[in-house]
Amino acid sequence: MTSPEAAETAAPQTTKKTKSRKEAVKVAFFRGCLIPVKYPQMEVAVRHTLPKLGIEPVDVPGFTCCPDPIYFKATDKESWLTMAARNLCEAEERGLDIFTVCSGCTATLSETSHLLAENEELRARVNKRLARVGKNYKGTTKVRHIVTLIRDLVDPAVISESVRRPLTDLRVAIHYGCHLLKPSPIMNVDDPDNPYMMERLVRATGATPIRHKEWILCCGKAIAKSELKQKPMETVLCSVKEVNADVLCVICPSCFGEFDFGQIKASKRLERDVTTPAIYYFQLLAIAQGMSADDVGLSRHRVKPERLIELYGDPL
Amino acid sequence: MPVEISFEFREKLHTIIEGNLLSFCYQCGACVGDCPTARFDPTFNPRHIMLEALYGLEKRLICEDSPVWKCANCYTCYERCPQHMKPVEVIIALKNLLANEGLAPAGVVPHTDRSKTTGRSVLVTSATERIRAELGLPPLPQLPVDELTEILKP
């Protein structure tokens, strides 16, 4: 396995970073369902941190559920594609690109944009349905996960400069999840077998990113058989526990939900403590930028990141 | 024993978006090695699912307790497939056929229906707006559910 440092050196360098830009870049904020409804503390963190990186999230009231790439897609793929295309139209009509804050939303919207670009017959079928509400999808809106947006638009130095208290004593394990990275030809984000982006983001907060041996294993959320579903989750949690991290950093509210609640259940089943408090990356960044643990709603987590709160939880 | 192939079932699968990709599977097994479900349950094998679908063994796949619901939807097989035939998308197409037959596990279809009728996959409760207000967030917008009803008609 390549070391995180080597992987970062080999990372593609992109241009047009916010360092040299004077005005904030406006991007449509696709919030999805889980964050605004179940984990609004993550929405607070995103709204607070992005402007400091030169990005202005624009609210689009017409956005609905993406819809989700697991259950909805399993039920009716044609409707899934149509509903996703309607969301893309909402941004396209405003001349905006989209950023997502959930890997599931990213999967749905990216795949839709990809499928409708490569398959004209499918696009015509979807547009026939969209025409009923006066919409037509042309394919001009770019979809990016918030992590990819930052990779493309923000100089890593700008993130570090936004940090008012470096989280130097914090050890951060990372869970990438599946849908941020795969399928790589569509997501076009990072090497799914040796990703580096989250390590770079964590390091920008001053904290130390830590790899664990099951770092790219799926959490198992989509497995619709409960006993089997527990196994990948337990395997990831045991692997994280071994590296003795202070928090488990995720980039998707769905992964967060699985871990926050799942690790309590897993600890009971395994009859030992396999908990490592889960946290959404932008909550971590918000704290480094000076927000308090209360501001970013850490008290709402089932497994509370005690050490993070103790070290850096006060308002600055 | 001679193998009988039911093309009828394959044609049915082809009616679902990307179900036709099945035809490109040459049974190499690259989808199996890194499959997280196969790792924890050796009875699950994406190559076997593709083979059964190629043979048109409808009863093995479109049934109560179908093996396809064990799929983790992680897209690793999509990543590994040298034929770019997206095994996971074929599995999703099979799930669509199962859902049409009323054979989806409890919760899957109601979850979808909630998104279709309310525009959100998660239920908004009275506590939702209160917590959002406490955190200084704007109220949730009314969603264009009428538009959804229109576009989701077949």
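How many of the 316 residues of chain A count as buried? The share that counts as buried is 67%, where buried means under 20% relative accessible area, computed with a 1.4 Å probe on protein chains only. This is a predicted model, in which local features need pLDDT of at least 70 and side-chain atom pairs count only at pLDDT 80 or more, while totals for chains, interfaces and linings use all residues. Residues are numbered from 1 along each chain as its sequence is written, chains are lettered from A and ligands numbered from 1 in the order in which they are written, and side-chain values use heavy atoms, with hydrogens and water left out.

Chain A holds 15 helices and eight strands, which are DSSP runs numbered from the N terminus, with at least four residues (H or I) for a helix and at least two (E) for a strand. Its radius of gyration, taken over C-alpha atoms, is 19 Å, close to the 20 Å that the globule rule gives for 316 residues, so chain A is as compact as a globular protein of that length; the rule itself is 2.2 Å times the number of residues to the power 0.38.

Turning to the cysteines, a disulfide is a pair of cysteine sulfur atoms within 2.5 Å, and by this rule the count over all chains is zero. Cys178(A), buried with a relative accessible area of 9%, has its closest cysteine sulfur in Cys218(A), at 3.8 Å, which is too far for a bond. Cys255(A) is also buried, at 10%, and its sulfur lies 4.1 Å from that of Cys252(A), the closest cysteine sulfur, again too far for a bond.

Key: Buried means under 20% relative accessible area, exposed over 50%, partly exposed in between (1.4 Å probe, protein chains only).
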